[in-house]
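Q: Please take one part of this model and go through it closely, with the cut-offs behind each term. I would like a connected account that I can follow beside the structure.

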Amino acid sequence: MTDPRPVREGVAAWPAALLPRDAVVALAVLVFCAVAYWLTTGFDEAPSAMAQNIQPSTFPQLVITVMAVLAGVIFVQSFAAPQKTLARVPPLVPVSAGVMVAFVTAFQTLGIIPAMVLMCLGLPALWGERRWGLVIAFAVLFPAAIYGLFAGLLDVYFEPGPLIPW
Amino acid sequence: MDAFLSALGLFLDPMLLVAVLAGTVGGVLVGALPGLSSTMATALLLPFTLGMEPGMAIALLSALYCSGTYGGSITAILVNAPGAPAAAATAFDGYPLAQKGRAGKALGIAAVASAIGGMFSVVVLIVAAPLLSRVAYDFGPPEYFALALFGLSMLASISSDAPVKNLLGGAFGVLLATVGMDMTTGVERFTFGMWELSEGVHFIPVMIGLFAGAEFLTQAQTLDRVTVHAALDAVRLPTREDFRKCMGTIARSCGIGSFVGVLPAEGGTVAAMIGYNEARRWARDKSEFGHGDIRGIAGPESANNAATGAAMVPTLALGIPGSATTAVILGALLAHGLRPGPHLFTETPTLLYVIFTAMLFANVVFLGFGLVGAKLFSRITLIPTTFLWPAVIILAAIGAYALEQSILDVWIMVVAGILGFVLKRYGFSAAPIIMGLILGEMVESTFKQSMIIFDHSWAGFLDRPIVLVFVALTVLSIASPFVSKAWHRRRERENPA
């Protein structure tokens, strides 16, 4: 998919035209590495005899250092490689992510059955499904089948939630 | 022989037969659905197999792996939308052939080539895995550390476009594996005071999120895409003339797939691309490639299925996944308390023969289903996205929850899904993160043990010949994408088109 925004000749379509996109990604990784490294300095120290001179922070710090080096390589490479234009993310994507979060919140607060029913009603409608008969049938049959299969057959325990008294 | 006969005896248990059959059919269905892959299906199914007997669980997942790799070819041929990444190359010639009204022939070739490749790879697995596991008797912590690093370094070559990003993803996965209580000292790391994280981040919710959650958000981007189905005539067996034309390609691709599959982290996708390229390169008449040459279907399909059994070789013998799906199967082995390596072969040989038999069975069964039921399987693509993906996300959430009945795992799944979408957008793959997460514990524990053995001197690694071999292979695998790119650029400069 191509970015529909017009591109002036000689000017990168990427908004931060001073830095290539991968350079910004590399900087973000470096910031993550810095924060992660700082967190490792707060780990408790174990007695030398128990730790055998390899403290709990040693290995994570080693891995974070490797990550920082690799981010540095990406930063340098980003200036050499042409940057592909990324299409804009449609609003439906963050909204769908929000629906995922809402589903898990409903799972936690209302219980699995209401959460599934709301998901089976809401998401198809959000994604443009207008065959309401099918949507309602899906919202009834699919949660029932899933609950029957997992709670009934596979013995997965679900918290009943405030709406389901049994 | 006794173990083999015991395994055959177990197959008289109808429950085991049903499980393997269900895995085979499920694999073809899932493989046929664009956006869902056998990796995702095994990840979704894994939590629900934890209550099964280990043999039944691994047999089901292995059968799903074999048939899912084939299933991707159905939609690759009919709608030019590969159901699995490993089927991408099949679409190059499969869809044009289908557009010429010969979809049945294309599917028939795909089914037969896949089955031959798959059965060949199971033979490779039966022969090579025990041999490789005996080599592992000489492995100590330094060798396992070097091997795990080699496995992680192979991530660089999964995608030649982003080798450094793959390595970074693998390192991030290893870092994620350090979350929780350090087993040696009892110190909590990256838990932020949450006791639920003291046992670490389980790889299953992360895997489900990175694959299924990220794909769910990707599907939200493409809802307006209309898929055009090619008409399907009856599926036909390849004729004698077709066999004569494809035999060399299938034989070559079986070898390619088996070699690539044995290499850590490579798997069917890489094997299929190489299989297609070699089929084209060795053809005397290349004019039909890209326009419906049956060798362009046979090549990638036999290669990607030949990689399935071969990818199980390092997984079972060494505990290093040969592909993303075998990384999941490795996770299943570990979750069932089985440790891959030589002891698996000496202490539980019957289990291994159950896995081998299940994979052989799956290859035969999907051949039959593919020839008889391809038309039926292709109808799976008619399920509207608006119903399919809510169902997948609900299953993903329940799968993550069912692991330890913990809502935290569901939240981890959601966060991993959103992170996976963002990472994918910026050129990072999910598979390296999962590989790193699964191998992370092994990397850390063998590193610590090696440091103790060598009295904290890195030079100790250089005294071990097997370690030196793995170090050389690691350097080679990290350098190869860059060398290959530089070589291609030089060729283009010398021979401009």
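A: Chain B has a mean pLDDT of 83, with 91% of its residues at 70 or more; pLDDT is the predictor's confidence in each residue, from 0 to 100. This is a predicted model, in which local features need pLDDT of at least 70, side-chain atom pairs count only at pLDDT 80 or more, and totals for chains, interfaces and linings use all residues. Residues are numbered from 1 along each chain as its sequence is written, while chains are lettered from A and ligands numbered from 1 in the order in which they are written. For the complex, the predictor gives an ipTM of 0.86 and a pTM of 0.80.

The part to look at is helix 9 of chain B, residues 240-262, where helices are DSSP runs of H or I with at least four residues, numbered from the N terminus. Its 23 residues should span 33 Å at 1.5 Å a residue, and the end C-alpha atoms, 32 Å apart, agree with this; the expected span is 1.5 Å times one less than the number of residues. Even so, helix 9 of chain B has a kink of about 45° centred on Cys246(B), the bend being the angle between axes fitted to the seven residues ending there and the seven starting there. Cys246(B) is also among the buried residues of this helix, which include Thr249(B), Ile250(B), Ser253(B), Gly257(B) and Val262(B). A residue is buried if 20 or more other C-beta atoms lie within 10 Å of its own, with C-beta atoms placed from the backbone. The buried residues of helix 9 pack against helix 5 (90-135), helix 10 (267-282) and helix 11 (295-318) of chain B, a contact being two C-beta atoms, placed from the backbone, within 7 Å.

Elsewhere in chain B, Phe150(B) lies in helix 6, residues 141-153, and counts as buried because it has 24 C-beta neighbours inside 10 Å. Leaving out residues up to four places away in sequence, Phe150(B) touches Pro264(B), Phe470(B), Leu473(B), Thr474(B) and Ser477(B). Phe150(B) and Val467(B), 317 residues apart in sequence, have C-alpha atoms 9.9 Å apart.

As for the other chain, the contact takes 48 residues from chain B and 50 residues from chain A. On the side of chain B that touches chain A, helix 15 of chain B gives the most, with nine residues.

Definitions and conventions: Helices (H or I, at least four residues) and strands (E, at least two) are DSSP runs, numbered from the N terminus. A residue is buried if 20 or more other C-beta atoms lie within 10 Å of its own, exposed if 12 or fewer, and partly exposed in between; C-beta atoms are placed from the backbone.
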